[in-house]
Amino acid sequence: SQRDTSHLLLPPLLPDASEVTIKALLSPLVDRAAVTANLQERKWHGPSDWPYWTEKPRSSDYGVVAEIVANLLENAFRYSPPGSSVGMCFGEQGLCIWDSGNPIPTEERDQIFDKGVRGSDADKGFVGSGLGLALGRQLAQELGGSLELFSSPQSFDSALPKQGNAFVFILPAKSMP
């Protein structure tokens, strides 16, 4: 049975500092995701390398990155079938939260970012408001970035599974080295 693990995936409390790093924001989420995967008896593929840009000091406005990633991880653990792998990896301009579950149907891929819309898997008794992805995309855009769904994790990184879902969060180029 799938446990409700959402309490494990809440974003960490933000420091009162005026600057943050992506690594400091996301490290606790990566640790919690590993615990969640263990509880659910599924494979977790955490980042093997933290790119330079994740350690670059940024304004505290970037605290929303933790909210966005926590929501994406929660969705991946909640909606992908038991036994499917979940992971997070980095690219040159952003990060990817992926699962090896059933791909979100083509006709739903754009709508799931609309407020109040939930995927068809959401009808299987999962609690949710349909606001997480809409808010995540809005927050990403307010930072100057983007949040997109790729139909295959391999389209983000060739080492990832061919089947599944990949939510790609691109951070604004101006914040990159």
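Two strands count as paired if DSSP finds at least two bridges between them. Helices (H or I, at least four residues) and strands (E, at least two) are DSSP runs, numbered from the N terminus. By that rule, β6 and β7 (residues 165-170) pair in the antiparallel sense over 5 bridges.

This is a predicted model: local features need pLDDT of at least 70, side-chain atom pairs count only at pLDDT 80 or more, and totals for chains, interfaces and linings use all residues. Residues are numbered from 1 along each chain as its sequence is written, and side-chain values use heavy atoms, with hydrogens and water left out.

**The sheet**

- Five strands form an open sheet: it has 5 strands in the order β2-β4-β5-β7-β6, with mixed pairing.
- β2 (44-45) and β6 (146-150) are the edge strands, each pairing on one side only.

- Helix α2 (residues 64-79) lies across β2, β4 (86-90), β5 (94-99), β6 and β7.
- α2 runs at about 15° to β5; axes are lines fitted to C-alpha atoms, for helices over the stretch in contact, and angles run from 0 to 180 degrees between N-to-C directions.
- Helix α3 (residues 132-143) also packs on the sheet, where it touches β6 and β7. The direction of α3 makes about 130° with that of β6.

**α1 against α2**

- The axes of helix α1 (residues 22-39) and α2 come within 10 Å and cross at roughly 15°.
- α1 and α2 are therefore roughly parallel to each other (angles under 35 degrees count as roughly parallel, over 145 as roughly antiparallel, 65 to 115 as roughly perpendicular and the rest as oblique).
- Their crossing is right-handed (the near helix is turned clockwise from the far one by less than a right angle; anticlockwise is left-handed).
- In contact (heavy atoms within 4.5 Å), I22, L25, L26, L29, A33, T36 and A37 in α1 meet V65, A66, V69, A70, L73 and F77 in α2.
- These contact residues divide into 12 nonpolar, 1 polar and no charged (Ala, Val, Leu, Ile, Met, Phe, Trp, Tyr, Cys and Pro count as nonpolar, Asp, Glu, Lys and Arg as charged, and the others, Gly among them, as polar).

**α2 against α3**

- α2 and α3 pack at an angle of about 150°, with their axes 10 Å apart.
- α2 and α3 are therefore roughly antiparallel to each other.
- α2 passes α3 in a left-handed crossing.
- V64, V65, E67, I68, N71, L72 and N75 in α2 meet G132, L133, G136, L139, A140 and L143 in α3.
- The residues of this contact divide into 8 nonpolar, 4 polar and 1 charged.
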